[in-house]
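Dear colleague,

Please find below the structure that I am handing over to you. My notes on its cavities and helix packing follow it.

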Amino acid sequence: MNERAEIGIRNDERSDDSLSPPTSYMAATPAPHAPQDDVVTTLALKRRVYTRMEIDEAYKDETPPWSLSGYFKSACRCSTETVIAGLLSIFPIVNVVRSYQLRQYILGDFLSGLSAAFLHLPQGLGFGLLASLAPVNGLYATFFPIVLYTLFGTSQHVSMGTNAVIALMTANIVEREGGLFTASFDNVTITDEEVLNHKVGVAMAVAFFSGLVLLLMGALRLGFLTMYLSVSFVGGFTTASAVHIATSQISKMLNIKVKAYSGAGKIILTYVGIFTNIANTNAADILIALICVAILLAVKIGINERFASRMKIPIPIDLIVVVLGTFISHFAELKRHFNIAIVGDVPNGLPVPSLPHFGSIPRIATEGFVISIIIFAMTISMAKLMARQHDYELDYNQELIAYGMSNFISSFFHCFPSCTAPPRTMILSSLGSRTTLNGIPSAIFILIVILAAGQLFVSLPIAVLAAMIVVAMKNLLLQIRQLPGLWRASKADFTIWIFTFLVGVLVDLDFGIIVGIGISIFTVIAHTQLTTGSITGVSTKEDVMLTEGTRDGTRTIPGISVFFFNSILYFANAEKFKKEIFLKVFNPATRENIKRDIIAKEAGEGETSDGNNGKEVDHDDGVAVMSDDSLVHSVIIDCSAMSFIDIGGVNVLKVVVSKYGKVDTKVYLACVGQYMWRTLHRAGFFDTFPKEHVFFDVWDAVTALQKKGLNGTTHM
């Protein structure tokens, strides 16, 4: 096929049967059917007609072939420079310090880091309690991850520490393990301190395992796993988590004892327990909680959010409420007069390193793996958002290493799993953090509290921390406002969000994760199952191909049917593809029956086949004529959407080609991508299918067939 196609005949000069994509000029001239007052840009192309083989010959693919040995050779090349670069990549802080511009960076890093610390303190105390541990464990889980991320991290806006969702998931594990620990003693009485120590050991084991998983993911470059966590899944899951978190704090706001439930339906059982014991509510605690909720909401909504653009630093109302609550509780002796619940003893000093409770790892491995994925997904999503907003690059694999080290090493210092939190990230962003060294003032502030100031918070009412945690869930709970938009944009995303949320709330969070990810994957499969094919026609006004039957001003191409299937082609939808092409083009079995009818008529047998698939068949002087599809002698399959094909897809293509071949209709492929081309080669498709029937583009195929005179009479 060496002829050049003069493509681009003026629409008013060509016949109805001539089709060609437009000639090689681009000019601002009125289009044939555009209003004369409007000047539009017209596009015309001039090139030769290409098959897939010819385009590969004309434009050589210079990509070196991939091989396992070549990969290891390139990956394992060693030199002094690569070794130094490798070591520096593990410790990004070295490059940060070497390139640090003191005058430009110091103020932004100091102010943002100190302001983030003002959030770290109340969150650490509150989320330590939320994790079903002591508040001081939250401070430990704040200090050590900050230091470690400063050493290993690459995002200047990630502030590792406590996170409400991770704390709640940790609480589910330690409560279950604590119950098993208590039950193992039968009738022997054990102290609350012994139970708490066991819970801390289990939480350390969760942090150890999660950190190990993240480190392995970083070493194996498995960051792509988070692609399976869709935006709608994360929205539904975090909203369900917010419901669990808020529910867990209601009993603390009321100062009543409620049994800790675990497993399916625990949130329903928790509310049953709350209403059963609501008569025991301490009025002072609920009053403190309500006052704190009112103050926090008033300042956050009425001032911080309303005047965010005018304020350089948002009011640290959480820290103010914690300090004032502690001050009032201490000097008013609220514990003695009203028997309110307080934090109690907060030990000074750093914890002595100890080993996690390794014996519980087999029981917590599944949940630990899920926690590690959630840590990565939540932290990297915030890091990527900040990198886009502030125009800097992230090393995603190093980020995995940083998250892993922040949890793995911290696990030996009485810490539960750590993660970033959106409020801290937004503080760092709004106050102009320039490097990861913002973690230094944050760490110093928390260290001072741990070493010397811990005892100052002995009188802090637990109702204050509970109110602070509930208010912190406001934005997560308000994600439910996304639902109308999701419904309009994508019914599949709406379904994922709703099912993840409902299962997470009514059953439990771990089931919500399983169901959410499962439905996310199912919707992808269902999309390929529900994909329909369509026939492509051409405009009667200009050289544009459009779906026939859905737009006016289109017509079919005489003798040629262009079939488009808007999906990958694999085992799950191969049968769907075959049904669609037989339905939309024509069913070759029908034409084969008619062909037998003609032969039977000419032979004088008198009997004809049935099964004309609803098409009108006229018999006149021994000749059978089937309307419409009998004119089609060439079928072009537009493969532009088939980015993937497996052996099931290859086999169904073979069947389609064979079926149409039996009724003298040739099949051609167009827009075949590189992956599909190679797969067809390897699967032996071209043993029976001519490579010359694979065209670079649909226009190439149409033009080539018309040049050959294929208008229902001649075959290529």
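**Cavities and helix contacts**

The lining of the second largest cavity consists of seven nonpolar, no polar and no charged residues. In this classification Ala, Val, Leu, Ile, Met, Phe, Trp, Tyr, Cys and Pro count as nonpolar, Asp, Glu, Lys and Arg as charged, and the others, Gly among them, as polar. Please note that this is a predicted model, in which local features need pLDDT of at least 70 and side-chain atom pairs count only at pLDDT 80 or more, while totals for chains, interfaces and linings use all residues. Residues are numbered from 1 along each chain as its sequence is written, and side-chain values use heavy atoms, with hydrogens and water left out.

The residues that line the second largest cavity are Leu229, Phe233, Val234, Phe237, Ile374, Ala377 and Met378. A cavity is a set of points on a 1 Å grid over the protein atoms alone where a 1.4 Å probe fits but cannot get out, and lining residues have an atom within 4 Å of a point. This cavity holds about 50 Å³ of space; a volume is the space filled by probe spheres set on the points, which are joined across faces, edges and corners. Helix 9 and helix 14 (361-390) each supply at least two residues of its lining. Helices (H or I, at least four residues) are DSSP runs, numbered from the N terminus.

The largest cavity has a volume of about 60 Å³. Its lining comprises Pro145, Ile146, Tyr149, Thr150, Val158, Ser159, Met160, Thr436, Asn438, Gly439 and Ser442. Helix 6 (135-152) and helix 17 (439-453) are the elements that give two or more residues to this lining, and helix 6 gives the most, with four residues. By class, the lining of the largest cavity has five nonpolar, six polar and no charged residues.

I turn next to the helix pairs. Helix 9 (residues 231-254) packs against helix 10 (residues 266-276) at an angle of about 20°, with the axes 11 Å apart. Axes are lines fitted to C-alpha atoms, for helices over the stretch in contact, and angles run from 0 to 180 degrees between N-to-C directions. Helix 9 is therefore roughly parallel to helix 10, a term for angles under 35 degrees, whereas those over 145 count as roughly antiparallel. In this pair Val243, His244, Thr247, Ile250 and Leu254 of helix 9 meet Lys266, Ile267, Thr270, Tyr271 and Ile274 of helix 10, where contact means heavy atoms within 4.5 Å. This contact has six nonpolar, three polar and one charged residues.

Helix 5 (residues 102-130) and helix 16 (residues 422-430) cross at roughly 165°, and their axes come within 8 Å. The two helices are therefore roughly antiparallel to each other. Ser112, Gly113, Ser115, Ala116, Leu119, His120 and Gln123 of helix 5 make the contact with Pro423, Arg424, Ile427 and Leu428 of helix 16. Five nonpolar, five polar and one charged residues take part in it.

Finally, helix 23 (residues 574-584) and helix 25 (residues 647-661) have axes 9 Å apart and pack at an angle of about 25°. That makes helix 23 roughly parallel to helix 25. The contact residues include Phe577 and Ile581 of helix 23 and Val652 and Val656 of helix 25. By class, this contact has nine nonpolar, one polar and two charged residues.

With kind regards

Terms used:
Parallel < 35°, antiparallel > 145°, perpendicular 65-115°, else oblique. 1 Å grid on protein atoms, 1.4 Å probe; cavity = no way out; pocket = protein on both sides within 12 Å on 5 of 7 lines; lining within 4 Å.
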